[in-house]
Amino acid sequence: MDKQNEILLEVKNLKKYFPITRGVFRRVVGYVKAVDRVDLFIRQGETLGLVGESGCGKTTLGRSILRLIEPTDGEVWFKTGKGKKLDITKLEDREIKSLRREMRMIFQDPYGSLNPRMTVMDIVGEPLIIHKVAQGKEIEDRVRTLLKIVGLNPRYMRRYPHEFSGGQRQRIGIARALALNPRLVIADEPVSALDVSVQAQVINLLEDLQVQFNLTYLFIAHDLSVVYHISNRIAVMYVGKIMEVGQAEEVYQGPRHPYTEALMSAVPVIDPDVNPERILLQGDVPNPANAPSGCTFHPRCRYAKKICSQEEPPLEDIGDEHYVACHFADDFSLKGIRQF
Amino acid sequence: MISYIIRRILYVIPLLLAVSIVCFVIIQLPPGDFLTAIESQLKSQAGLSEEESRKMVDEMRKTYGLDKSMPVQYLIWIKNIVTKGDFGYSFGYRKPAQEVIWERLKWTMIIALSAHLISTLVGLLIGIYSATHQYSLGDHLSTFLAFIGLSFPEFFTALVIMYLLVFRFRVPHVGGLSSPEYVLATWNWAKFVDFLQHFWIPVVISGVAGVARNMRVMRANLLDVFRSQYVITARAKGLKERIVLYKHAVVNALHPIIAYQGVALPYIVQGTMVTAIVLNLPTTGPAFYDALVFQDTLLAGSFLLMVTVVLVIGNLLSDLILAWIDPRIRYD
Amino acid sequence: MILKNERSRKKNSFAEPVKGEAYIQLVWRKFKRSKTAIIGAILVIIMAILAIFAPFFSPYNPLKIDHRASFSPPQRIHFFDDKGKFHLRPFVYNLKLELDPQTWKRIYREDTSKRFPIYFLVRGWEYKPFGIPCKLHLFGVPKGGSIHLFGMDNYGRDLWARIMLGGRVSLSIALLGAILSAFIGSMVGTISAYYGGITDMILQRIVEFLQSFPQLPLWMALSIAIPATWSSLYVFIAIMMLFGLLSWTPLAREVRGKVLSLREQEFVLSAKEAGASDARIIFKYLIPNCLSHIIVILTLTIPWLILAESTLSFLGLGLQPPMVSWGVLLQEAQNLQTMGRHLWIAIPGAFIVITVLGFNFLGDGLRDAADPYSRR
Ligand SMILES: Nc1ncnc2c1ncn2[C@@H]1O[C@H](COP(=O)(O)OP(=O)(O)OP(=O)(O)O)[C@@H](O)[C@H]1O
Ligand code: SF4
Ligand SMILES: [Mg+2]
């Protein structure tokens, strides 16, 4: 993707802290720092893959960006279709509603994300009704077209979601997200609940749709292999923080953060020669309510030095828009993967 | 857990306050009061003039504080209850309300507790039988009868049983707790036998619904427990069927029923109420009914308040019991 | 892992739905299997039809007084006359009043000198469904005869007709009360769970507060506060409101629990994500998904309110004559001696029992069926 492309979404210093309460009077005794000072940007037309282990805050980040949950602090700048730049975190409910046409979400759970009491037609047509962009017969026609686009037979649009398979439901969810011609789509692990064979189909569909409708994706996954082909750039997240962001090839082939390297080594690869040694991470993922001092990764990092537990490394550009949050980003030569 | 208990107890205090206000207001809702009736009585029977009777009644209102505004009356009432245990004066019985209630509470408790005990026991036994013989004729029959039992309005059960006793079995006297000739007699064997002959009737009537309810709950609980994993494991381990049944299943199925005991008291008190009114028993139910009808305000209010307070405390207890026997309950 | 060469383009994915049966079909299949549920449904339907078309089923005006016929007993339907001859068309004999020569009691005997065959769809007293005058009745006997299947009450009014009319009142007050209660309960439960926080806190305290009162004494105290001067209609509405306003708490608790679990599901979030308003989320996403619970509890609230109405009315605290309900009709049975001599005045009680039983069967069957994925 061209660096010349304009920036569609820019996240600055975004935080989401969930309070933990105790006792008779529900005193706040601490916070789960699910998203902690995250900086990101996404260019028009590209796919940013966001990876990280389960529980690291990817979903919370995605939802905070769309203000499905209220972020604690920070800014989210979005460039609207009319060319205006808006900070989503400061908008009134009414203004957000009109923005929701431009930014949509695809959910993780194909079983839980469709209302079991609505037909496919109602589910896909719902955004059209809510935003009053179509009426009566028009809705039906639009839904028919949308279903065809995502590869579903419109004949079954009067059926209920439980009659469809996981992959088909995810297609319904995609059709629903496309209904309003969005510009940004946040796909929250859209395939991780699906069978491996179906995963490929859905990812291919998403790629095709991106070309067809000029979409921009924030593609969330907990598994590097899923995002590899679809992403232009990759962001790696660990316990609420971004560890490394860069061009996909660069991050894969020459990771600069020890956590990325560890994630990379866990990817199963066809050719065993390429990646002989798997780096086993020591210990557990830290509790986001009580994150380690300094570099969050230091208790598990095999390169950790003294400074790592004392000072937090900032997310810095080490050249060519490759950002890394490690004190020794320039010093190591870390192993990546050349090819899948 | 401690924090949970404290929180629950703290909740109860404002609740009791609110409840007492509402009890007082509800009882004051009907227009007029007991003295309005007395006033017209004075006019018609004692032959006093309108002015004289009005004056007398106003005098009485003043002595009993009825001329004051409602909030003031409430404050006086609640202050006396809390500080002196004085629930106010019952015009109907011409004595303090608490005396009327205490007097009658004895029989209420005896009848209600007997009905409750018997219905719990019988209900549990039938429930256990039903669950262990699921889909047998006995199970179907008792389930069906339980449904019927729950479908009878209590007063109708009372009517039917009274009718049967009097007109089919020629029982000389039903209603009350003794035949007229024994009312004033001192306790002796004959009076005791007569008492028993009266006593079982309200117990059975108000027990019918309880048996049905307990039976259904016990049966459902037991069947649930039977399906649960650890009973299946226990069975698989080769323990004898009966030991599995009684040691594990029954104990677990009893949990909800034990917890229910906390709230059972007010329910059994109000459960015997209709029966008591129909049978005209010397219990609190008919007194409450009369107090309502004749606007014996403080008596009615005191009774309502008492039952409510018992219910609130019962609710609290059963929550705490449940939390204690079932640690899976979250304390929030 | 995703392999580029595994690309199966979307040709083969123009797929058909996989699994059958909608929720409602599953429910119906499970419901059908329960005999008691079917019996309950049939009983409820019969009672509803009798109540809705009460005048059509009543050969006599339930309000017409005939003092000479006070407490005249039910008439039997015959197929065989006194000579033992069979008649295909059933018939009744008139009753004649006699004095027992020994005890001087009034007794009724069948006057076998004249048979009165029962005809169907006959013309009789006039009633006005929706204001249209109508004289059609299901059955009746020719002039000169009478057919009082359940006998007469104290004032010589036809008890059968009064039971039909009373059923109308008893059922509608319970039904309306239950609907009001279901409405309040589901709204409170949904709002409480959906908004959470302080809203939830306040609503839950209100629920707790209402649940602190013992039902029967509270209802007694409140219904006696209904002014005696109010018209029947107002009393009816007042009692109905009383039922509705005081019986919604169990439903509110259940719906709240259900919505709390729904709220965690992504489809509710997806509605918010699409820009749906709170009202839309509540009415299109949350309530439809609780509907089975709401219907089950509604069905089980109705019999409970029928019992409550009959009890209050029987005690003289609920509906009052000249209003007719099953409970009001049973007021005549308050005196054991009256009931002993004229047992038929207790027949309304049987209607209460049968109706309540029907609703309980139905509700129980629905409850089991509403959760078709469980095995019970
Ligand atoms: N509503 C909430 N209240 C409190 N804590 C929360 C809440 N939602 C999420 N969390 C916590 O925030 C952290 C991040 O959760 P999140 O769901 O964003 O992770 P994730 O990266 O999406 O994980 P997964 O791969 O499992 O989807 C977790 O520790 C989670 O427990
Ligand atoms: S800062 Fe230190 S601990 Fe953190 S990743 Fe770099 S080397 Fe490891
Ligand atoms: Mg997630």
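Chain C carries 42 positive and 25 negative side chains, and the centres of these two sets are 5 Å apart. In chain A, the 46 positive and 44 negative charges have mean positions separated by 7 Å. The model described here is a predicted one. The points below treat the build of chains A and C, their domains, and selected residues in chains A, B and C.

**Overall build of chain C**

- Chain C contains 13 helices and 5 strands. Its radius of gyration is 28 Å, well over the 21 Å that the globule rule gives for 376 residues, so chain C is more spread out than a compact globule.
- Along the principal axes, the C-alpha atoms of chain C fill a box of roughly 105 × 55 × 40 Å.
- Buried residues make up 53% of the 376 residues of chain C.
- Of the contacts in chain C with a separation of 6 or more, 67% are between residues 24 or more positions apart.
- Chain C has an accessible surface of about 18,100 Å², and carbon and sulfur atoms account for 64% of this area.

**Overall build of chain A**

- Chain A contains 10 helices and 12 strands.
- A box of roughly 65 × 55 × 45 Å, taken along the principal axes, is filled by the C-alpha atoms of chain A.
- In chain A, 57% of the 340 residues count as buried.
- Residues at least 24 apart are joined by 65% of those contacts in chain A that link residues at least 6 apart in sequence.

**Domains**

- The assignment for chain A gives domain 1, made up of residues 7–102 + 182–324, and domain 2, covering residues 109–181.
- The centres of domain 1 of chain A and domain 2 of chain A, taken over C-alpha atoms, are separated by 28 Å.
- Contact between these domains involves 16 residues of domain 1 of chain A and 15 residues of domain 2 of chain A.
- For chain C, the domain assignment gives domain 1 (75–147) and domain 2 (161–369).
- The C-alpha centres of domain 1 of chain C and domain 2 of chain C are 40 Å apart.

- A:Glu311 is placed in the loop between helix H10 (306–310) and strand E11 (316–317) of chain A.
- With a relative accessibility of 48%, A:Glu311 is classed as partly exposed, because this value falls between the 20% and 50% limits.
- Residues up to four places away in sequence aside, A:Glu311 touches A:Gly294, A:Cys295 and A:His327.
- A separation of 7.5 Å lies between the C-alpha atoms of A:Glu311 and A:Ser293, which are 18 residues apart along the chain.

**Backbone features in loops**

- A:Asp320 is not a glycine, yet it has a positive phi of about 60 degrees. This residue is in the loop between E11 and strand E12 (323–324) of chain A. A:Asp320 has a relative accessible area of 46% and is therefore partly exposed.
- B:Tyr135 likewise has a positive phi, of about 70 degrees, although it is not a glycine. The loop that holds B:Tyr135 runs between helix H5 (97–132) and helix H6 (137–151) of chain B. Because its relative accessibility is 60%, B:Tyr135 counts as exposed.
- The peptide bond that leads from C:Pro321 to C:Pro322 is cis, and its omega is near 10 degrees. C:Pro322 is located in the loop between helix H10 (278–314) and helix H11 (326–330) of chain C.

**A buried helix residue in chain C**

- C:Thr355 is part of helix H13 of chain C, which spans residues 347–370.
- The relative accessible area of C:Thr355 is 1%, so this residue is buried.
- Not counting residues up to four places away in sequence, C:Thr355 touches C:Met47, C:Leu171, C:Ile306 and C:Trp326.

Notes
Residues numbered from 1 in each chain as written. Chains lettered and ligands numbered in written order. Predicted model: local features only at pLDDT ≥ 70, side-chain atom pairs only at ≥ 80, totals over all residues. Heavy atoms only, no water. Helix = DSSP H or I, 4+ residues; strand = E, 2+ residues; numbered from the N terminus. Buried < 20%, exposed > 50% of the residue type's maximum accessible area, 1.4 Å probe, protein only. Contact = heavy atoms within 4.5 Å. Lys, Arg positive; Asp, Glu negative; His and termini not counted. Charge placed at Lys NZ, Arg CZ, Asp CG, Glu CD. Domains from an automatic or database assignment. Rg over C-alpha atoms; globule rule 2.2 N^0.38 Å. Areas by Shrake-Rupley, 256 points an atom, 1.4 Å probe, with all protein chains shown as cover.
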